[in-house]
Amino acid sequence: MSLTKSERRQRIKFRIRKVVTGTTAKPRLSVFRSNKEIYAQIIDDVNGVTLASASSREAGITRGTNIETAASVGKLIAEKALKAGIENVSFDRNGYLYHGRVQSLANGAREAGLKF
């Protein structure tokens, strides 16, 4: 019996999370992608705290194609992180393939100054 799409993503997600964790010095940049929106959080897993978050639902996000919107969310999360004094993060693609909106968000965050 084959896996469903969500079961496959959960397996990949758990495999990634065994390696990628967020610390106070280097928090985790987690991406969630729905059919309409895209969300990003910077998380300190040691203390269990979300340090910064951004989504495509916020005001100030330029609407365009999904990829352009994801890039602007990446820039916004990077600006919020830099304000909070966070420069280095570890990228958690959350089981999604690294292309399209996820890649665009990552590139937008890199352009705005985050290092990962």
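User: What volume does the largest pocket have?

Analyst: Start with the term. On a 1 Å grid over the protein atoms alone, a pocket is an open set of points with protein on both sides within 12 Å along at least five of seven lines. Grid points are joined across faces, edges and corners, and the volume is the space filled by probe spheres set on the points. Here the largest pocket has a volume of about 330 Å³. This is a predicted model: local features need pLDDT of at least 70, side-chain atom pairs count only at pLDDT 80 or more, and totals for chains, interfaces and linings use all residues. Residues are numbered from 1 along each chain as its sequence is written, and side-chain values use heavy atoms, with hydrogens and water left out.

User: Which residues line the largest pocket?

Analyst: Lining residues have an atom within 4 Å of a point. In this case they are Lys-5, Ser-6, Arg-8, Arg-9, Arg-33, Ser-34, Asn-35, Gly-95, Tyr-96, Leu-97 and Arg-101. Helix H1 (residues 5–17) gives the largest share, 4 residues. Helices (H or I, at least four residues) and strands (E, at least two) are DSSP runs, numbered from the N terminus.

User: How many residues of each class are in that lining?

Analyst: Ala, Val, Leu, Ile, Met, Phe, Trp, Tyr, Cys and Pro count as nonpolar, Asp, Glu, Lys and Arg as charged, and the others, Gly among them, as polar. The lining has 5 charged, 4 polar and 2 nonpolar residues.

User: How many salt bridges are found in the whole structure?

Analyst: First, the idea. Side chains of opposite charge can pair when their charged atoms come close. A salt bridge is a side-chain nitrogen of Lys or Arg within 4 Å of a carboxyl oxygen of Asp or Glu. The whole structure holds 7 of them. One joins Asp-45 and Arg-17 at 3.6 Å, N to O. Asp-45 sits in the loop between E2 and E3, and Arg-17 in helix H1, 28 residues apart.

User: Which salt bridge do Arg-28 and Asp-45 form, and what does the pair tie together?

Analyst: Their side chains meet at 2.9 Å, N to O. Arg-28 is in strand E1 (residues 28–33) and Asp-45 in the loop between E2 and E3, so the pair ties together parts 17 residues apart in sequence. Arg-17, Arg-28, Asp-45 and Asp-92 are linked in a network of salt bridges.

User: Is Arg-28 buried or exposed?

Analyst: Buried means under 20% relative accessible area, exposed over 50%, partly exposed in between (1.4 Å probe, protein chains only). Arg-28 counts as buried because its relative accessibility is 5%. Asp-45 is partly exposed at 26%.

User: Where is Asp-44, and what contact does its side chain make?

Analyst: Asp-44 is in strand E2 (residues 38–44). A polar contact is a pair of N or O atoms within 3.5 Å; within protein, one must be able to donate a hydrogen and the other to accept it, and residues adjacent in sequence count only if both atoms are side-chain atoms. The side chains of Asp-44 and Asn-47 make one at 2.8 Å. Asp-44 is buried yet has no salt bridge. The nearest side chain of opposite charge, Arg-28, is 8.8 Å away.

Note on methods
1 Å grid on protein atoms, 1.4 Å probe; cavity = no way out; pocket = protein on both sides within 12 Å on 5 of 7 lines; lining within 4 Å. Lys, Arg positive; Asp, Glu negative; His and termini not counted.
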